[in-house]
Amino acid sequence: MSGATLVADGDRPREGGPDRKAIDVAVGVLLATNGDFLLTSRPEGKVYAGYWEFPGGKLEAGETVEQALRRELHEEIGIVIAAAEPWRVELVDYPHALVRLSFCKVRAWTGQLEMREGQRFAWATLPVAQSPVLPGALPVLDWLAAERGFPGATCA
Ligand SMILES: Nc1nc2c([nH]c(=O)n2[C@H]2C[C@H](O)[C@@H](COP(=O)(O)OP(=O)(O)OP(=O)(O)O)O2)c(=O)[nH]1
């Protein structure tokens, strides 16, 4: 897992000193009725371009996680989500930023998937065939595996 450290929420960040402020990010784990989950690739021009992740993005000033997730998923993949079910929060210390990822499960939405930033997308299952997976998205695969009683490696 080069270039990023997963740290327990509340721990002091590895680099940048105590003033390094975490950037809040809302992330959606879209679940199809058959259990498949949506992965999207990071667009060109962003850090970790081409890596697979769960769709989402940074909170804007004054937004809640759910509001940001609703906005980001509409802007980036063209859908309008129903409820966002808060799931887990994870702090990841990247060289480019310390990010606090708020993962939400999303089971219902309207609209057709439309990759508006030139991303690729895949309905994935365990073990995930897509590669490489963004370091900050890997724990989600472990959480899904634990929930599902899936044994072994989560990536092929
Ligand atoms: N969307 C998403 N971001 C993740 C995941 N895991 C992970 O570490 N991240 C990190 C990567 C980035 O540092 C940060 C998200 O920032 P971003 O640059 O993609 O957000 P954004 O779409 O708002 O981008 P921009 O408006 O600044 O261009 O969160 C994940 O599964 N999904």
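These legends go with several close-up views of a predicted model.

Local features here need pLDDT of at least 70 and side-chain atom pairs count only at pLDDT 80 or more, while totals for chains, interfaces and linings use all residues. Residues are numbered from 1 along each chain as its sequence is written.

**View 1. The annotated span, residues 22-146.** UniProt, in an unreviewed entry, puts "domain: Nudix hydrolase" here; its positions follow the numbering used here, the feature name is shortened, and the annotation may be inferred rather than shown by experiment. The end C-alpha atoms of the span are 27 Å apart, and 18% of it is helix and 36% strand. Helices (H or I, at least four residues) and strands (E, at least two) are DSSP runs, numbered from the N terminus.

**View 2. Helix H2 (residues 138-148) and its two sides.** Val140, Leu141 and Leu144 are the buried residues of H2 (buried: 20 or more other C-beta atoms within 10 Å of the residue's own; exposed: 12 or fewer; partly exposed: in between; C-beta atoms placed from the backbone). Seen down the axis of H2, they fall within an arc of 100 degrees, so they line one face of the helix; the arc is taken from the directions from the helix axis to the C-beta atoms. Asp142 and Ala146, on the other side, are exposed. The cover over the buried residues includes strands S2 (23-30), S3 (37-41) and S8 (98-106), with contact meaning C-beta atoms, placed from the backbone, within 7 Å. After H2 comes glycine 149, with a positive phi near 65 degrees.

**View 3. Inside the largest nonpolar core.** This core has 33 residues, and Ala26, Val29, Leu69, Ile81, Cys104, Val106 and Val140 touch the most other members. A nonpolar core is a set of buried Ala, Val, Leu, Ile, Met, Phe, Trp, Tyr and Cys residues joined through C-beta atoms within 7 Å. Among the elements supplying at least two residues each are helix H1 (65-77), strand S7 (84-93) and H2. Have a look at isoleucine 81: leaving out residues up to four places away in sequence, it touches Gly28, Leu69, Arg70, Leu73, Val106 and Trp109.

**View 4. Phenylalanine 54, a buried loop residue.** Phenylalanine 54 sits in the loop between strand S4 (52-53) and S5. It counts as buried because 23 other C-beta atoms lie within 10 Å. Not counting residues up to four places away in sequence, phenylalanine 54 touches Val27, Gly28, Val29, Leu39, Ala137 and Val140.

Definitions and conventions. Contact = placed C-beta atoms within 7 Å.
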